[in-house]
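User: Could you pick one part of this protein and take me through it up close? I'm new to this, so please go step by step and show me what surrounds it.

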Amino acid sequence: MLLLSNTLFGDFTHITLDNILLVGSILLFASLLASHTTKYGVPTLLLFLFIGMLAGENGPGGIVFNDPKIAKFIGAFALSFILFSGGLETKKQDIQPVLWHGISLSTLGVIITAVSVGLFVAWIAHWSIVEGLLVGSIVSSTDAAAVFSILRSRSIGLKRQLKPLLELESGSNDPMAYILTISFTFLLANKEASVSTLLFMFFKQMILGGVIGYGMGLLMHKVFNWIKLEFEGLYSVLLITFVLFIFSFTDFIGGNAFLAVYLSAYVLGNLDFIHKKSLTKHFDGQAWLMQIILFITLGLLVTPKQLIPYLGIGLLISAFLIVIARPLSVFLALSFFRMHMKDKLFVSWVGLRGAVPIVLATYPLLAGVSKASVIFNVVFFISITSVLIQGTTLPLVAKWLKLTVPMNLKRKSVIDLEMAWGTKSIYKAIPVDASFHCIGKSIVDLKLPDTIIIALIERKNKFFFSDGATKIMNGDVLYVMADNEKAIENLYACLTA
């Protein structure tokens, strides 16, 4: 029967140029269907990974894919879009209060994690220090994508500046993990390499990545506001072109491409340019597509049967990473700042290892490093257990630490407000006087429909963004965005009734 099926419809157990689009579209559709299960607390991205594993060599799909070089290429390509989207949505106003907290976590925190895990791996596995540090470097960065998909699906918001801090850390710690990984990979593949060579490589990567990223962000802003394209859809093509160029050019001259892509997007996202809202939304969809492709690819690459011999050591390393290394790095990296103990505990628990460590684990494979296949399987197991254990328990930990707020009261980021405003066509300023019966009431008590937004409030000549807990005071001026004039009339009646 299988032979007849292969004869009539082709052999799908090997991905070729003839069937890659068909197989890929089926896997993408299956992943989108599986994403509905996030309401049961399963991280979305983990489901994408399992779809790839089920479609792989040891699964019912039986697709043979064992080329780490292609996986590395797809991983780098996908991560460039994911990081660019994250940088584009990172607003200066949101991260400014926690900027140095995030930088400390993404640099010092990554180094502490890499060293502590590396020493533990060298001790428990009887490996060399350098081999242990390579494993520690690979698993030293976090992935918040699964975190917030779970929090949003369970209608949980976070107090204070926790969300911007975690997003900043996850978007900016990949470059440090990358440079540590390639440094120790280079050290193992080239026994004669010196410490001075590694230091030169480190500073070259970070400096070139930072300079190119900042410069290209400014250049993109000037080009977008200067060029006049005939069709609006071409602007998204232009932005994609810039992403590919920034990543490939920075990597070509020896800079840190991940840092350059993220920083350029951050610079561009905090400046005004044509079609900004539509392009930001477009790249959010691009990022999701790339995450699905990335996790499916990594799921196809791994052979589940090969994971079994490493379950014991993988579980020990994962437990050490979750319980000791991550909290140690967080508390030491944040020791320079005044911060609530509960906030530090929650940040310690939000140490999910996602796709980036698995992608980084392909670098030793391609370099021909001894124990590279063992490292890949161990890292894969660590990533799965981290997302499965921490990802599914995040809502419980947040509630246990009393760090949650209802979604309708949580603070909206600037990008959330920009997206909401972009859908409204009517704008009006409403002065509040003593005759208004809404004085003293919070905005959430007004129970406003989705057709209207109180975007800004002017109070004593100062402007601020409102949220659900904001109370309306006498003398306020409400700046309202609405779908139509009827919604404005209904709001006025609600405020004065």
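**A helix pair and its surroundings**

Let's start with two helices, H10 and H11, which run roughly antiparallel to each other. Keep in mind that this is a predicted model. H10 covers residues 174-189 and H11 covers residues 195-226, and the angle between them is about 150°. The cut-off for roughly antiparallel is an angle over 145 degrees, so that's why H10 and H11 get the label. Their axes are 10 Å apart, and H10 passes H11 in a right-handed crossing.

Which residues of H10 and H11 make the contact? On the H10 side you'll find Met176, Tyr178, Ile179, Ile182, Ser183, Phe186 and Leu187. H11 answers with Thr197, Leu198, Met201, Phe202, Gln205 and Met206. Sort the residues of this contact by class and you get ten nonpolar, three polar and no charged ones.

Pro175 has its C-alpha atom 9.0 Å from that of Thr107, although the two residues are 68 apart along the chain. Thr107 belongs to helix H6, residues 99-125. With a relative accessible area of 28%, Thr107 is partly exposed.

Stay with H6 for a moment and look for rings. The whole structure holds 15 aromatic pairs. In one of them, the ring centres of Phe120 and Phe320 are 4.1 Å apart and the planes meet at 5°, so this pair counts as stacked. Phe120 is in helix H6 and Phe320 is in helix H16 (residues 311-333), so to speak a link between distant parts of the chain, 200 residues apart.

Phe224 sits in H11 and Tyr235 in helix H12 (residues 233-252), so the pair ties together parts eleven residues apart in sequence. Phe224 and Tyr235 are buried too. Elsewhere, ring pairs join Phe73, Phe77, Phe81, Phe84 and Phe283 into a cluster.

Next, hop to the loop between H6 and helix H7 (129-138), where His126 is placed. Most residues other than glycine have a negative phi. His126 has a positive phi, near 60°. Is His126 buried or exposed? His126 is at 72% relative accessibility, so the residue counts as exposed.

Lys371 shows a positive phi as well, near 70°. You'll find Lys371 in the loop between helix H19 (362-367) and helix H20 (372-400). Lys371 has a relative accessible area of 32%, which makes it partly exposed.

The protein has 23 helices and six strands. Of its 497 residues, 51% are buried. And among the contacts with a separation of 6 or more, 80% are between residues 24 or more positions apart.

Notes. Residues are numbered from 1 along each chain as its sequence is written. This is a predicted model: local features need pLDDT of at least 70, side-chain atom pairs count only at pLDDT 80 or more; totals for chains, interfaces and linings use all residues. Side-chain values use heavy atoms; hydrogens and water are left out. Axes are lines fitted to C-alpha atoms, for helices over the stretch in contact, and angles run from 0 to 180 degrees between N-to-C directions. Helices (H or I, at least four residues) and strands (E, at least two) are DSSP runs, numbered from the N terminus. Angles under 35 degrees count as roughly parallel, over 145 as roughly antiparallel, 65 to 115 as roughly perpendicular and the rest as oblique. A crossing is left-handed if the near helix is turned anticlockwise from the far one by less than a right angle, and right-handed if clockwise. Contact means heavy atoms within 4.5 Å. Ala, Val, Leu, Ile, Met, Phe, Trp, Tyr, Cys and Pro count as nonpolar, Asp, Glu, Lys and Arg as charged, and the others, Gly among them, as polar. Buried means under 20% relative accessible area, exposed over 50%, partly exposed in between (1.4 Å probe, protein chains only). Rings of Phe, Tyr and Trp (its six-membered ring) pair if their centres lie within 6.5 Å; planes under 30 degrees apart count as stacked, over 60 as edge-to-face and the rest as tilted.
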